[in-house]
Amino acid sequence: QALMIISILLGFFAAIISLFGLQCIQFGTTDPVAKAKIASGGGALFIVAAMSAMVPVSWYAFNITQQFYDILYPGTKEYAYKYRAPRSSLRPVSRNYPSEVDNSSNYGKNAYV
């Protein structure tokens, strides 16, 4: 999280520095060589900001991919949550709820349309 915040701040400062490097801005020096150096510094700061944003995103994607292919990681895989409660003998086995009745429509029996 910290690297993403640093990336946002570096991108903001890079935009400000690059703004002063534009030749159409008459703030500071008017020397074209100095303006080119300021604009290059802003561009380098943009590259550093992009790298500091790519590191946590790539790291997170790598961890998610590793957990997805790990057989021993339960996570949120479908087979980890298959539990069926035992039926009680005190109530009837079958109840016809309105959502379970097949009314021969084009939709499934549990479709709420």
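Contact, as used in these legends, means heavy atoms within 4.5 Å. The model is predicted, so that local features need pLDDT of at least 70 and side-chain atom pairs count only at pLDDT 80 or more, whereas totals for chains, interfaces and linings use all residues. Residues are numbered from 1 along each chain as its sequence is written, and side-chain values use heavy atoms, with hydrogens and water left out.

View 1. Apart from neighbours within four places in sequence, Ser18 is in contact with Ala39, Gly42, Gly43 and Phe46. Ser18 counts as buried, at 18% relative accessibility (buried is under 20% relative accessible area, exposed over 50% and partly exposed in between, with a 1.4 Å probe and protein chains only).

**View 2. The ring pair of Phe68 and Tyr69.** Rings of Phe, Tyr and Trp (its six-membered ring) pair if their centres lie within 6.5 Å, with planes under 30 degrees apart counted as stacked, over 60 as edge-to-face and the rest as tilted. Two aromatic pairs are counted by this rule. Phe68 and Tyr69 form an edge-to-face pair, because their ring centres are 5.1 Å apart and their planes stand at 80 degrees. Phe68 is exposed at 57% relative accessibility, and Tyr69 is exposed with a relative accessible area of 63%.
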